[in-house]
Amino acid sequence: MTQALNNEEKKQIAQEILNFLADEFEIDASEITMDTNIIDDLGGDSILFLEMIEEFKAKYHIELEVRTIGQYMLKNPIYTVGETIQAIYTIIEKGEQLLEELNLGD
């Protein structure tokens, strides 16, 4: 099932991601920009991405396995906050359709 996000939902998701990162790294959200590299600048790792994605999966009722999201991340590497936000939008909006697209790309 796909679901389109409106601009307000996208703003809310972006803010939630900034708040998540600020809490995780104990910094002020205003210090984080779209170009902030989560691994190099903040010291994050791939587990952090999975934790964040799990939160959004629950909130937006996304029925995707972590393995599928991992495959997506391998084909679409995520380094910056901006890329993370776009990936979350894609995962929420495409849902199970993401699995079909990944399989077509194999």
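Student: Which residue caps the N-terminal end of H1?
Tutor: This is a predicted model, in which local features need pLDDT of at least 70, side-chain atom pairs count only at pLDDT 80 or more, and totals for chains, interfaces and linings use all residues. Residues are numbered from 1 along each chain as its sequence is written, and side-chain values use heavy atoms, without hydrogens and water. At the N-terminal end of H1, a side-chain oxygen lies 3.0 Å from the backbone nitrogen of Glu-8. The residue that supplies this oxygen is Asn-6.

Student: How many residues does H1 have?
Tutor: Helices are DSSP runs of H or I with at least four residues, numbered from the N terminus. H1 spans residues 7–25 and reaches 27 Å from its first C-alpha to its last. Its number of residues is 19.

Student: Are H1 and H4 parallel or oblique to each other?
Tutor: Their axes, lines fitted to C-alpha atoms over the stretch in contact, with angles from 0 to 180 degrees between N-to-C directions, cross at roughly 130°. Angles under 35 degrees count as roughly parallel, over 145 as roughly antiparallel, 65 to 115 as roughly perpendicular and the rest as oblique. H1 and H4 are therefore oblique.

Definitions and conventions. Helix = DSSP H or I, 4+ residues; strand = E, 2+ residues; numbered from the N terminus. Expected span 1.5 Å × (residues − 1). Polar contact = N/O pair within 3.5 Å; in protein donor to acceptor, adjacent residues only side chain to side chain.
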